[in-house]
Amino acid sequence: MATNFTVQRSTTGNIVVLALNGFLDAHTAPEFEKVVQQEFDGGNVRLIADCGELTYISSAGLGVFMSFIEDIREAGGDLKICNLAPKVAQVFEILGFDSIFEMVPAVADAVKGFENPAKEV
Amino acid sequence: MNRRWFTAGLAFLAGTLWLLWAFPRFHPSTRLGLRYDRQQYLARARGFAAANGISTKDWKGYAVAETLIRNQELQISMPGSRMAKAFPDAQIKTNFLPASGSGATVTLRPDGRPLGWKLPVPDAASKATPKDEGRKADVHKLMENMTGDSVSDFTLMADGVAGDDGMGYKWREGGAAIGNPRVDLEIISKNGIIWEAKSDYQIPESISRQFKANTPLKITAVVIWSIALFLGILIPVAREGGGPTARALKDRVPMWLSGCAALTVLLSTLIEWDDEMVRATGASGLANEIISMILVPVFIGLMFNIVIAGTVLSARMHPLKVRGFRLLGTRAFFSTTTATELLGGGLFGPLLAGLPLLLSAVLHLPLFQGYDDGLLLNEAAVPAALLSMISQQLLGVIAFLGLMMPLAIRFSSGRKTQKAKAWLQPALMMLFAVLTFAMLQSPFRGAEGANVLAAALSGLTTIYLYFRFGMLGALAAQASAKLFTSAGALLVQPAAGLQSSGWGIVAAGFGLGIVLLVASIKAPEAVAELYGESGAKMQTRSRREELLAEFNVARSAQQQMLPAKPPVLAGYTIAASCDPAKEVGGDLYDFLRLSDGRWGIGVADVSGKGVPAALYMTLTKGLLCAAAQDSGDPRQILGSVNKHLRTVTKKKMFVTMAMGVLEPEARTLEYVRAGHNPVVWRRHALGETRWLGGPGIGLGIAGPALFAKTLAAETIELEPGDALVFYSDGLTEAMNEELEQFGEDRLAAAVERADGLHAEATRDSILKEVSAFLKGGHSQDDLTIAVLRVNPEIGSDGRI
């Protein structure tokens, strides 16, 4: 059950959408970390995490988001989170991630956010 | 891998060639010159008895060779002295026992001449007879035969004195000047039979004093060695505690090995039993022999147990080096691992046996006994030689490698600098090695420098082997050296029968080598396979036990970091507990006396679980204590913790924390939440439950500015009967078998049901509901709870 986690990559223009599916916990976080690292190394700093199929996130999973956000922003990009299930959203909120990350309902909203950077949180 | 075999092969070749050349030249056994084998000596002894009218034909005969080191010392200290040369290097004691009645003993020189005898006293009623008086010529002939000197060399002390036992003749040779070695001869004839002949070789005190066996070096070595041995056993026991020690003792390894050791000693005692009889039939009595026969194996078995228990505990310092040794106690004792170590070490046997000879040759110092003289005339020399490979000397080497090497590593690894470690560790190892081998073998007499050098060479070889072929290999080298020495000691004797025994031992040694060689290639090779079910279990269990023991220490250390007791505040009760999901956890609670006199109550949760979380938990605890001394403002306190955590954790970890600051008199609580679960506020009077949320990011995530911007403090006013419940997500996310979480609703209900209970009872009641929900299962996450209850007074029933 611990390995039930996949990431699907797609692009919209120069924006990379990472669709997360399953359990993001201490066992699967390194996998996700590798994916984000690859994007960052490849110069893709406009990232959207589509959490529509993300059923669980542990603190280790949250750690991955946390560890990249500054570097990505310094490189002029952003990592936006969208489509959170209510239970997962609650975890993000309790931790105060809502004041760091831009969390929007849908991928389209996140794309819009990239196209209209004035609307910064 | 190949290099060590190359070295081993080279060592074997060089060692064997060296032994072939040097053994007949320098080994002390060459001085014996045993001209006959066991049967021939017995036959000669029977001949002397028969010549004096005692037929021992149907009597059982025993023979044992004894090296007379004192006599050898005399010869070496008085080179060229004719008198000293007459002192025998060794003697062969024979004993003949009839079915009933008294037996006969005959002592022979290695060249077959008699040294003396004692036959049954002829039971003639009369005293000395004319027959005995007329035997002077026979007696003189015998005297010359016993000493190899002519009668004119002797001083007559009593030439024919009649007594109850017969006619006695006494002479002395070499006794003219005091301080010279001398021989006293006594021959008694009765009824025409010379039934007793004695030769007493006496070495003056002035010479024997030069060759003390118990030298200051040896005594010092024994004392220091014993202390080190004691520490080597005590330190692991003290560090690991009684449990692991008991388990190590229970481990099949020591039991199996000590059983074998006891059995071996018992067997070798039994084999020597015949020879013991020779000595026992004297006067000392059989009882002593039987006692020592039972006590010695018991004592050695006990020693083995203690030493090996310590070794098992210390094995974790060098698990790979002790692997083969430990495998001996398992079903996988016949495996490539054990065979490889035994073969590799065994190849070094000739070299190890040749080291003292090398020193003897280079330093021109004679060697003294370095072989087992019980073997020389043994009826079954080959099996006895194989058995004697497992000697008490091995116990000393096991103690050195198993207990003192770890002691050296442990002691030196405590040093601060790498440089100190680099020299201290080998220095300590060498010190222990020299002490061990100086104690076990001091082959030179009156030359302590040479003995230290010999011990250093043996020690260095043993340490090398320990690192190359493991503990088992180092022990195999000792055993192999012993086997080669046994073979050599027999091969250098002139008697053809003894030489063939020597060849038999060589053949047995090579046979063993070939078995090991084949085993090292053909034996069940995969270690995992070898370990099998039981082996693998044993391995993992002991590894697991080691870790659990470590974790127990960590767990209690961590639990001690939490406040032992909540503060006692008038009008309030406070209770808290923390139960890590694993041995150590990342949760923490704390009660802090702030600089402004208020009381802080905090619960924190480090992201992740286990050891990494535990490390950050202790860090957070420290940061919190430090920050609480500088400020009474919870926002400032958390801000400071956030700042430092962010620097340290490199954004890989974060900590969530809820903190309430209580002003007991005013009954107000200032509350902040840094990414932590909301606190439950139960308002008893209103019958209402509120969740204290409020904005705030977890600690270590955001920079100081953003953190401060988002963190909001709220102050609430408490009423009598109110309760505040701080907790970690391990409580609300505790999951039962149906994958249901305990959740906020059940928590709120549990808190409501605890209305009217003081803090401790409230906490217990909530935890009870959680464990009832889990149905005996255990929470997957650390479970922490802290309860503050405002209570005006407590009734006798515990209710407010």
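Visitor: Before we look at anything, what does "buried" mean here?
Guide: A residue is called buried when its relative accessible area is under 20%, and please keep in mind that what we are looking at is a predicted model.

Visitor: OK, so is Leu95(A) buried or exposed?
Guide: Leu95(A) counts as buried, because its relative accessibility is 3% and the cut-off is under 20%.

Visitor: Where does Leu95(A) sit in chain A?
Guide: You will find Leu95(A) in a loop of chain A, the one that runs between helix 3 (86-94) and strand 5 (103-104).

Visitor: And which residues does Leu95(A) touch?
Guide: Leaving aside residues up to four places away in sequence, Leu95(A) touches Leu62(A) in chain A, and from chain B it touches Phe654(B), Thr656(B), Gly675(B), Gly696(B), Ile697(B), Gly698(B) and Ile701(B).

Visitor: Switching topic, how many residues does each chain bring to the contact?
Guide: Chain B brings 23 residues and chain A brings 17 residues.

Visitor: What area is buried between chain B and chain A?
Guide: About 1,400 Å² is buried between chain B and chain A, and carbon and sulfur atoms give 56% of that area.

Visitor: How many salt bridges are there between the two chains, and which side chains meet?
Guide: The count between chain B and chain A is one salt bridge, in which the side chains of Arg646(B) and Glu70(A) meet at 2.2 Å, N to O.

Visitor: What classes of residue are on the chain B side?
Guide: The side of chain B that touches chain A has seven nonpolar, eleven polar and five charged residues.

Technical notes. Residues numbered from 1 in each chain as written. Chains lettered and ligands numbered in written order. Predicted model: local features only at pLDDT ≥ 70, side-chain atom pairs only at ≥ 80, totals over all residues. Heavy atoms only, no water. Helix = DSSP H or I, 4+ residues; strand = E, 2+ residues; numbered from the N terminus. Buried < 20%, exposed > 50% of the residue type's maximum accessible area, 1.4 Å probe, protein only. Contact = heavy atoms within 4.5 Å. Buried area = accessible area lost by both parts, 1.4 Å probe. Salt bridge = Lys/Arg side-chain N within 4 Å of Asp/Glu carboxyl O. Nonpolar A, V, L, I, M, F, W, Y, C, P; charged D, E, K, R; others polar.
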